[in-house]
Amino acid sequence: MFDQLTSAPWPIAVLAADTVSEGDLAAARAQMGFSLAWHIVVACLGVGLPALTLIAEWYGIRTGKPVHRLLARRWARAMGVLFAVGAVSGTILSFEMGLLWPGLMGTYGQVLGLPFALEGIAFFIEAIFLGIYLYAWDRLPPKRHLLTGLPIVVAGVASAFFVVCANAWMNQPRGFTLRDGRVIGVDPWAAMLNPASPPQTVHMILAAFMVASFLTASVYAVALLRGRRDAYHKAGFGIPFALGAVVTPFQIYVGDWAARFLAEYQPTKLAAMEGVYTTGSHVPLTLGGVALDDSLRYGLEVPSGLSLLVGYHPGTVVQGLDKVPRSQWPAVTGVHWAFDLMVGIGFFLLALGVWLLVSWWHGRRRDGELLDRRGSRLFLGLAALSGPASVVALESGWCVTELGRQPWIVYGIMTVRDAVNPAPGLMTGLWLVLVVYAAMTVATVYVLRRLVKNTAVPMAPQEEDVESYPVV
């Protein structure tokens with residue numbers, strides 16, 4: 001465990017707090033925030049797309065339908081491209097951790113080292129089996145080839161778990177003692193498996209499957225809206241959308257778990273999320289609103305709603321921002337709106353899943369085609385929005401996690417200002433990173449579009465039926 005004896009345990013932290021300019025601090029935060037926001041989308045596709053690919057391949061082997069194996073082959077190619085891009089953006093982030101935040105890594109690197117080391121192992125396992133999976137189509141029987149993809153899924157989930165454990169530690173620092181400005185008595189496992197790890201890791205892994213599923217489905221939803229109602233596009237839409245619809249209700253439950261966790265362990269963040277300024281019971285749940293004059297105004301209030309959600313009783317006491325100094329208040333309006341947006345999109349996606357289930361049930365009873373009946377265009381139009389909406393929800397959730405912790409980089413111990421690099425010129429690095437990511441975005445979109453327009457990948461000898469399947 002740790003003793004909160006100082007907020008600047010490393011000499012450079014004192015130097016940074018005294019010398020860093022507001023512009024350089026803002027540039028460092030913007031650079032890290034932009035890099036994370038870009039990488040997290042690719043990382044989610046890296047976690048979820050392998051599972052979708054294996055589902056399509058398994059279904060193709062089970063049913064003998066070549067359309068599903070063709071989907072698997074094309075998704076596998078996209079998976080390889082996104083893995084390479086994710087490796088580049090992840091490497092940039094690893095350098096930024098040391099270059100932008102030496103106060104954090106110099107002091108707590110030995111505490112944070114374990115999850116990053118394990119993530120590296122998982123990354124290499126994923127890379128090895130991805131190579132086997134991509135280049136063994138014509139060298140292994142179908143079922144054995146399918147098995148080579150399982151380690152990719154497991155390693156991808158493991159990578160997400162280990163990285164999020166490191167972030168969870170920043171929200172609930174454990175596994176060390178801070179004495180006279182020095183870290184001693186390090187317990188890496190206690191640090192990694194801190195109280196925030198279970199809700200954060202599960203929430204993130206489910207989010208990754210949702211983003212990958214709904215983004216993939218939205219591409220095929222657009223094609224279906226344009227009249228391409230063949231079996232290939234219907235399967236390309238149905239498989240990922242069904243997976244996303246199944247995951248969504250579990251994600252909403254985990255989100256509730258994570259919010260109640262904050263009530264006990266990070267009450268200031270919860271107060272910012274819900275715009276609670278004064279500690280008390282019978283606290284309403286406010287939808288929307290703007291933070292003005294130490295209150296949340298112009299929002300829609302549900303009487304005692306927040307107290308009920310936190311403690312299942314209207315008399316539950318919810319801690320407000322009045323319990324901490326004003327200098328430790330997060331930006332309430334930004335955190336509150338990001339949280340509301342994330343929750344609202346979650347219920348929108350849940351509604352789409354229920355719509356799909358009801359339509360499938362009626363179609364099953366009437367022996368009709370789900371995507372060819374009245375109302376299907378409206379459904380497909382909303383489904384086409386589900387992919388971008390899931391990304392917005394993902395980014396909003398991370399805004400809540402990171403902005404809600406401000407001004408701390410290590411909750412209750414080290415501020416962001418104490419951790420930043422005191423060297424001048426950080427704004428130059430921000431512009432350089434923006435140029436690099438703009439180039440990567442253009443290149444990634446270009447390559448993925450070429451994959452869509454190209455003919456089918458070379459077929460394995462044991463799957464001549466896939467080779468003869470018409471490419472649409």
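Which residues do ring pairs link into a cluster with F214?

A: In this predicted model, ring pairs join F214 with F237, F241, W355 and F379 in a cluster. One link in the cluster can be described closely. F214 and F241 make an edge-to-face aromatic pair, with 5.4 Å from centre to centre and 80° between the planes. The term edge-to-face applies because planes over 60 degrees apart are classed in that way. F214 belongs to helix 8 and F241 to helix 9 (residues 231-265), so their pair ties together parts that lie 27 residues apart in sequence. Both F214 and F241 are buried.

The search of the whole structure finds 19 aromatic pairs. Among them is the pair of W169 and F176, which is tilted, with 5.9 Å between the centres and 50° between the planes. W169 has a relative accessible area of 1% and is therefore buried. F176, with a relative accessible area of 0%, is buried as well.

Helix 8 (residues 197-225) packs with helix 13 (residues 376-403) at an angle of about 150°, and their axes are 8 Å apart. Helix 8 is therefore roughly antiparallel to helix 13, because angles over 145 degrees are counted in that class. Sorted by class, the residues in the contact of helix 8 with helix 13 are 17 nonpolar, seven polar and one charged.

Helix 8 also contains S197. This residue, S197, has a relative accessibility of 3% and so counts as buried, since the term buried means under 20% relative accessible area. Residues up to four places away in sequence being left out, S197 touches C165, A168 and M192.

S159 is placed in helix 6 (residues 150-171). With a relative accessibility of 8%, S159 therefore counts as buried. When neighbours within four places in sequence are set aside, S159 is in contact with E119, A122, F123 and E126.

To return to the part in question, F214 in helix 8 pairs with F241 in helix 9, and ring pairs link F214 and F241 with F237, W355 and F379 in the cluster.

Technical notes. Residues are numbered from 1 along each chain as its sequence is written. This is a predicted model: local features need pLDDT of at least 70, side-chain atom pairs count only at pLDDT 80 or more; totals for chains, interfaces and linings use all residues. Side-chain values use heavy atoms; hydrogens and water are left out. Axes are lines fitted to C-alpha atoms, for helices over the stretch in contact, and angles run from 0 to 180 degrees between N-to-C directions. Helices (H or I, at least four residues) and strands (E, at least two) are DSSP runs, numbered from the N terminus. Angles under 35 degrees count as roughly parallel, over 145 as roughly antiparallel, 65 to 115 as roughly perpendicular and the rest as oblique. Ala, Val, Leu, Ile, Met, Phe, Trp, Tyr, Cys and Pro count as nonpolar, Asp, Glu, Lys and Arg as charged, and the others, Gly among them, as polar. Buried means under 20% relative accessible area, exposed over 50%, partly exposed in between (1.4 Å probe, protein chains only). Contact means heavy atoms within 4.5 Å. Rings of Phe, Tyr and Trp (its six-membered ring) pair if their centres lie within 6.5 Å; planes under 30 degrees apart count as stacked, over 60 as edge-to-face and the rest as tilted.
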